[in-house]
Amino acid sequence: MTPTKLYKYRTCDKFTKKMLTKGQLYLCPANKLDDQFDCAINFSKEKILNLSNEEVNKNAFKIVEECLKPYIPNELFSLIMNAVRENGFNQTTFLGLVESKDGCTKEKTISVFNQINQMTDNSLQKLEENDSFKNSMLKILELQMNVGVCSLAERKDNQVMWNMYSHNYEGYCIEYDTSDLLCRSNNELYKVEYKNKKKFDPIEVVIKEMLNQLFSSILKTEYKSNLKERLEKIVLRKHSNWKFQKEWRIMGIPNGEIFGCKINAVYLGKNINMKNEEKIVDIAKSQGFKVYKTYDDFESLSIKFKRLV
């Protein structure tokens, strides 16, 4: 469930006035985020450019099997794949098994077989020479440089966040209305998930996408690509060590800006200097948002807020 409020921890700097007067949010290039694994893929550009037949075909059969499964009835699928494992993509075996499917004519079956055979025996073997294939994978590898991220948090009282991102309580924390953020960001607001593993093979992803498009075209069935969802797992997964952040993200182009974001309140850190405090209070009075300041509650070992404006 999306929270009704989200928060941005900040230090006092040259961007403070723009953020508070113009409702500006900045989308930081993913390769400049503080987590070295953020949006990164463990697959080198050199490996793509020097791709070999052996690497491309390493898991080709498994990929074909996964892509073909949605288009074959469950009761026939295991029989087909066992026959294929024993005899390869043998047309006679394939025809005998698949032709019994209702509505699957001999002509269509031969067409499917020939296309699979061509893809596995020819196209996959030549992918290392295919510029389009390589370019698709290079775009995935460059994801970290081509994605902009604005990070927001679920809570305003996270002591670790105050220390890390508001310079030991010398900065401030902005409260935004989530419904307004959704409108400003074209609904590109996502929750980060925290796991201890992130597996992503760009070769497998691109081949699967090609095969699924091929099979759906031949069999005249609708194919809904899940490439976007798979890429989202890359940009929205972090190690569980970062779980304390409870992070949500606005995604877009790197160095992009969003303006007009509605500010409900600003929370000042207990160590903010008087000059910065006065500046933010003056802006709040002109812009119409509330201002609070943190203080320590030693009984509950938590931070609380007192209202200034």
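This is a predicted model: local features need pLDDT of at least 70, side-chain atom pairs count only at pLDDT 80 or more; totals for chains, interfaces and linings use all residues.
1. A search of the whole structure returns one cavity of 30 Å³ or more. Its lining consists of Cys12, Asp13, Thr16, Asn276, Lys279 and Ile280.

2. Helix α14 (residues 274-287) supplies three residues to the lining of this largest cavity, which is the largest share. By residue class, the lining of the largest cavity holds two nonpolar, two polar and two charged residues.

3. The largest pocket contains about 630 Å³ of space. Of the 27 residues that line the largest pocket, Lys8, Tyr9, Arg10, Ser151 and Tyr165 lie nearest its centre. Two or more lining residues come from each of the elements β1 (5-10), β2 (25-26), β4 (148-153), α10 (159-165) and β9 (247-252). Strand β4 gives five residues, the largest share of the lining of the largest pocket.

4. The composition of the lining of the largest pocket deserves a separate entry. The residues there divide into 14 nonpolar, nine charged and four polar.

5. Six aromatic pairs are present in the structure. One of them joins tryptophan 162 and tyrosine 169 in a stacked arrangement, with 5.5 Å centre to centre and 5° between the planes. Tryptophan 162 and tyrosine 169 are both buried. Lysine 270 is placed over the face of tyrosine 169, at 4.8 Å from the ring centre.

6. Another stacked aromatic pair is formed by tryptophan 242 and phenylalanine 244, with 6.4 Å centre to centre and 25° between the planes. The angle of 25° counts as stacked because planes under 30 degrees apart are classed in that way. Lysine 238 lies over the face of tryptophan 242, at 4.6 Å from the ring centre.

7. Ring pairs connect Tyr7, Tyr267, Tyr292 and Phe305 into a cluster.

Terms used. Residues are numbered from 1 along each chain as its sequence is written. Side-chain values use heavy atoms; hydrogens and water are left out. Rings of Phe, Tyr and Trp (its six-membered ring) pair if their centres lie within 6.5 Å; planes under 30 degrees apart count as stacked, over 60 as edge-to-face and the rest as tilted. Buried means under 20% relative accessible area, exposed over 50%, partly exposed in between (1.4 Å probe, protein chains only). A charge sits over a ring if NZ of Lys or CZ of Arg is within 6 Å of the ring centre and within 35 degrees of the ring normal. On a 1 Å grid over the protein atoms alone, a cavity is a set of points where a 1.4 Å probe fits but cannot get out, and a pocket is an open set with protein on both sides within 12 Å along at least five of seven lines; lining residues have an atom within 4 Å of a point. Grid points are joined across faces, edges and corners, and a volume is the space filled by probe spheres set on the points. Helices (H or I, at least four residues) and strands (E, at least two) are DSSP runs, numbered from the N terminus. Ala, Val, Leu, Ile, Met, Phe, Trp, Tyr, Cys and Pro count as nonpolar, Asp, Glu, Lys and Arg as charged, and the others, Gly among them, as polar.
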